[in-house]
Every structure is written in C-alpha cells, then in structure tokens.
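Thank you all for coming.

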Amino acid sequence: MSDRYFEPDAETMPRDQLDELQEEKLLGDLLPWAYKRSPLVRATWDAAGVSIDDVTSMDDFREKAPFVDKDAIRRFRDTSNDRYGGLLCVDPLRAGGPFTAVFSTSGTTGDPTLVPSVTSGPSILTREFWEMGCRPGDYFVEMLFTYRGPGIHHTIRGIGATPVFVDHSPFEFPNVYRLSRELRPTGWYTMSTPLILALEQMAPAMGIDPRDMFASYKGVIYAGEPLGARARALLDEWGVNFFVHTGVADVGAATECREHDGCHIWEDIAFVEVLDPDGTDPVADGERGELVGTTLVDKIAPLVRYRSDDLVRVTRERCACGRTHARMWPVGRKSDEIVVDGVSVLPGDVWPAIESVAETEAALFQVIRPARELDRLRLRVGFASEGPHGLADVRDRVIDAVEACVGLVPDVELVPNEVLLRQGPPHKIPRVTKQ
Ligand SMILES: [Zn+2]
C-alpha cells in the first residue's frame, strides 16, 4: 500500500492490462462457472439460442450475451419455487452453509429480493476507506441501515481500524456526538439525506454542535439517493469531507475519491457497460445511458449482463487521482422517467426547484407516475411550515419554480414532511409513486 492507494498495482493498472484482466476473469472463469451452475443464466441463454461456445471474445459477449433484469429474477423465483431466483451456483444445504449471511434488497422498486452474501476478509471498500485517510488504530463509525451490510465491519477491520456501531437513526446523534468527542473517529459509513435534515433540525435541541461533532472525521460516506444542493451545503457548512457512494448494477459499489469528480467503479471486480436505455447499443463515453453490470468475482449468485434500470454517465478517462478505473455519475432510474409533452423528466430534474422554496427546502417530494407518458406533471411535495401567506401561496411558488426549471406547469399536492418521511426505509423515500 502507499500513502494514497491501498492496492497501488490494481488501482492504477494501465487500461490495456485492465481490459485483459477483465477478459481473463470473465471468459476464463466467471462465465463458464455461471453458465454451468446458475439455472437463471442457463434458461436465459437457452431461450436466446446462445451457447457458451458462441462466446470466445469480449466482442462476442457484447454482441450475443442475453440480458437479465430484476423482473426476470422475480419471475424465475415465482415460477420455479427457487427463492434465489435461479442465481445460486452453490448448494445452500452444504455442511456449514455457503453463505455468511443473507440480506434482502430494500424494495424501493418492487418486492425485495434476497441477496446471499459471503464475507471472507476485507472487502473492496478498503480502497475507499484508505483513500479517505483512515489508518490502522483509528476508530470508524458504522451507522448502517439495517437490511444490508455485507462485511462493512470486516472492511473497517481490514484497514486496521476499529468499528463503532450505531443505528442509522437521528435519535442516535447525542450518542454519536459523545462517541465522536471521546474516540475521535476518522471515518463514517454512511450518512443519508434524512439524517442530514434531521441533524439540522434537532441539533440545537439535542445540544449538538455539528462542526464539533464532525471535526475528527477525515471522510464521511454519503449514500442513499442523489445528494441535493441543500444537503450538500449543510455538509459543507459543518466542514464534512463527504464521499458520495452508490451501487453499481448490484455487482459492486462506486465511491468518490478525494478529487470528488465521479465515483470510481472497480473494474477488476465488475465489467460494466452503458447502453441505450431502450436498446442494446452502447452510448459514447460520458453520455447518459443504462448501466449494465456483470460480476467478475461473485461465484455464489453471479449476475451476468444485468440491466440495472439505473441511468448513469460513465467515463474511462483517467482520473486526476491517478486511478485508471472508470468513474460514474448517477442520473436517475429508467423506471422513474416520465415524459410530459415530449419532455423527459426525472426526479433529479425538479429537485433544485423544490428545494429553492423555503417551506419545501427539505425537497421531500414524489413524482406521480401512473404511466411513463403523461399529459401533466404531477408532484406531491412535503412542506415544513405553511409560510407567511398560507399554503396556497407556497403551492404557487413551488409551481413557478418547477416551471422555471423544467418548462412544465405542474399540479402540486402539498403534504406535511412527516407524511412522506414515513414512507421510506430510513435512508430515502420513494421518489416516484403510481398515485
Ligand atoms: Zn479518482
């Protein structure tokens, strides 16, 4: 390891070597394994009339390998009585069990699916925690929402630090404040928008000085949903050096480096493609497209050409930090997109407008999406107070701000912030709803 890189050779590997490594891992190892053992992969390939013998190069893979998506997994699960959706490549009844844990997805986009997990030693997040500046002997706060957390504490221990466990709840803040002043932790995983907004509101009553609380942290991981300008400004005001962290098509995670110029995707553990959301052609480097992921390392429940529904931008230009791995910027979800009068709107597009109005600045809102193509943009927007001139005036200002932002006059239903917060898992709320 070096001052900046936990695994210098892997993190700064020249592009051509990285491409070779991906080919070797995918064609030489992962794909034959998954094709032979995963009932979903085999059924999908058989249905597409493609055999593993047809794929002898990365070009073949890009051209011929069929896609899977979350619906395909759910369908397989429901029709074949296989709770793992045909993904499992190992015998779950093996003595001692093949997993160290089973998690469940959050169910943001439908019923949750099971995620079997294997933890052995430090995970790939070691590179991120090292880059943040966390070192052996440090304390590291793990504030995780409850449903998923394969091995974060292993990762913390993997860099020689000690995890400090707290709940992902605003009511933990007094506890975190005390621990932060006592132990001087250097890392925090994770912070979310609801926590940031709760801290702003509750800090005075709880006797917390956020700047003092965060003073010892070299890095705080932010995850959950796109970080709005307001939450970003609060973190800046509190002196938090935050690192945006996001999922990569369920085959990995991507996190900002100290350059804060996109989230690095570790391409030695995942092969990613960015494709036309409505087709199969790749988009140009840096253009908006759908993220499609293939694991290079998961032998338990491998995803092969998994269409994530996530709209992203990805570049493979070398980062100023010296790392060669791709960087991505999440844009939104394909299934969240609506089209009104030919205008494409994602929740992130109206976000700045809603947080520009004082009474709705928490930007708790939902896009009403009974279908993809709509006549009207309909929004449900949370408010903190009725403002000086009443709710009708708040509504008018929200409508004006949204129109100025996306060029569409929306229908706006106002509800108290608490009503929307009750709908979420703790770290985010559903930004799109059918009604
Ligand atoms: Zn970088």
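Let me begin with the radius of gyration, which is taken here over C-alpha atoms and compared with a globule rule of 2.2 Å times the number of residues to the power 0.38. With 435 residues, a compact globule would have a radius of gyration near 22 Å by that rule, and the chain has 22 Å, which agrees. Please keep in mind that this is a predicted model, in which local features need pLDDT of at least 70 and side-chain atom pairs count only at pLDDT 80 or more, while totals for chains, interfaces and linings use all residues. Residues are numbered from 1 along each chain as its sequence is written.

Along its principal axes the C-alpha trace spans about 70 × 55 × 45 Å. The chain has 14 helices and 20 strands, where helices (H or I, at least four residues) and strands (E, at least two) are DSSP runs numbered from the N terminus. A residue is called buried if 20 or more other C-beta atoms lie within 10 Å of its own, exposed if 12 or fewer, and partly exposed in between, with C-beta atoms placed from the backbone; buried residues make up 39% of the 435 residues. Two residues are in contact if their C-beta atoms, placed from the backbone, lie within 7 Å, and among contacts between residues at least 6 apart in sequence, 62% join residues at least 24 apart.

Now to the sheets. Strands of a sheet pair through backbone hydrogen bonds, either parallel or antiparallel, and two strands are said to pair here if DSSP finds at least two bridges between them. Eleven strands form an open sheet with mixed pairing, in the order β4-β3-β5-β6-β7-β8-β9-β13-β12-β11-β10. Its edge strands, each pairing on one side only, are β4 (162-167) and β10 (270-275). Neighbouring strands of this sheet are turned by 35 degrees against each other on average, direction ignored; axes are lines fitted to C-alpha atoms, for helices over the stretch in contact, and angles run from 0 to 180 degrees between N-to-C directions.

Helix α8 (residues 173-183) lies across β3 (139-144) and β4, running at about 165 degrees to β4.

Strand β5 also holds Thr190, which is joined to Tyr189 by a cis peptide bond, with omega about 0 degrees.

An open sheet of four strands has the order β19-β18-β16-β20, also with mixed pairing, and its edge strands are β19 (411-416) and β20 (432-433). Strand β16 (residues 365-368) pairs with β20 in the parallel sense over two bridges, and Val367 stands opposite Val432 in β20. Across β18 (378-383) and β19 lies helix α13 (residues 391-406), which runs at about 130 degrees to β19.

What about the interior? In soluble globular proteins, nonpolar side chains tend to be buried together. A nonpolar core is a set of buried Ala, Val, Leu, Ile, Met, Phe, Trp, Tyr and Cys residues joined through C-beta atoms within 7 Å. The largest has 59 residues, and those with the most contacts inside it are Trp188, Met191, Val220, Ile221, Ile354 and Leu379. This core draws at least three residues from each of domain 2 (126-247) and domain 3 (337-433), the bounds coming from an automatic or database domain assignment. Apart from it lies another core, of 42 residues, among them Leu31, Val68, Val272 and Ala326.

Finally, which residue in the loop between α5 (70-80) and β1 (101-104) deserves a look? That is Asn81, whose phi is near 55 degrees, a positive value in a residue other than glycine. Asn81 is exposed, with 7 other C-beta atoms within 10 Å. Asp309, in strand β12 (residues 306-315), likewise has a positive phi, about 75 degrees, although it is not a glycine; with 18 C-beta neighbours inside 10 Å, Asp309 counts as partly exposed.
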